[in-house]
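Here's a quick tour of how the strands in this model line up. Have the viewer open while you read.

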Amino acid sequence: MDPPRADRTSAGRDPTGRANAGRASTGPANRRLIIGLVIMVAGSFAFGWALIPLYDLLCRAAGIGNAEAKAGAATSVQEQMDPNREVTIEFVASPASVGSYEFRPKVASMRIHPGKLYDSEFYARNLTPFASVAQAIPSITPVGTARYFHKTECFCFSPQKFAPGEGRDMPVRFIVDRELPTNVDTLTLAYTFYDTTQSASHR
C-alpha cells in the first residue's frame, strides 16, 4: 500500500489566499491615505491664497502693513532732515512659499537721518518656468512705529508681474518722521512675497 500523500492543491492555495486577502485589505487603506494627502495639499493652497485678503483686513483694522502702504502711495513728503540723530533701518525679505521666488534685500541695513528721503532696493526672481504674479506685504517693527515710516515709492503698492525666470531689482523710497520716539533707534522693514498668480488669474 502506498503511503498517503499530502493534498498539494490545498497546501499550495493557502499562502496565495492569505497574500490576496492582505492585498485586498491594504487597498482601501491606501486609497484613504491618498485622498487624505490630496485634501491636505489642496487645503494648504487654499489657505495660502486666503492669507492676503485676511492680512489686508487685519492691517486695515490695526492701521499697519499693506493697507497703510497703499494709502501712503499718493502722499507727498517734504524733507527736513534732523542732522543730530541717526536711526538704523533693517531690511528683511521672505518668500511665502519655497521654490516660487528668490527674494532678498540688496542691503541688510542702513543708517539714516529722520526727515530725509532714502532709497533702497529688493531683488526678486521668478524661479518657475511660467509667468507669475506676486504681491509684497510689508510690516514695520517695533509695533506702533509704522506711522512714522512713510513710503513714497514701493513695489508693494501693486502686484508685480514676472516672465518665466525673470529677475529684477525693485525700489522702495522712504522717509522716517522726525517725530519718531527718541527711545527707538532701530526700525525693521520686512516684506513677505506672496505668489498670487492663481488668484490674479481668477479676477
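This is a predicted model: local features need pLDDT of at least 70, side-chain atom pairs count only at pLDDT 80 or more; totals for chains, interfaces and linings use all residues.

## The four-stranded sheet

Start with the open sheet built from four strands, which run in the order β2-β4-β8-β6 and pair in antiparallel fashion. At its edges sit β2 (101-105) and β6 (149-154), each with pairing on one side only. On average, neighbouring strands here are turned by 25° against each other, direction ignored.

Now zoom in on the β6 end. Strand β6 pairs with β8 (residues 167-176) through five bridges, in the antiparallel sense.

## The five-stranded sheet

The other open sheet has five strands in the order β3-β1-β9-β5-β7, and this time the pairing is mixed. Its edge strands are β3 (109-112) and β7 (160-162), and each of them pairs on one side only. From one strand to the next, the twist averages 25°.

Where does the parallel part show up? Look at β1 (residues 87-95) and β9 (residues 186-195): they run parallel and are joined by eight bridges. Within that pair, Thr-88 stands opposite Thr-186 in β9.

## A cis peptide bond in a loop

Most peptide bonds are trans. The bond joining Thr-141 and Pro-142 is cis, though, with omega at about 10°. Pro-142 lies in the loop between β5 (132-141) and β6.

Technical notes:
Residues are numbered from 1 along each chain as its sequence is written. Side-chain values use heavy atoms; hydrogens and water are left out. Two strands pair if DSSP finds at least two bridges between them. Helices (H or I, at least four residues) and strands (E, at least two) are DSSP runs, numbered from the N terminus. Axes are lines fitted to C-alpha atoms, for helices over the stretch in contact, and angles run from 0 to 180 degrees between N-to-C directions.
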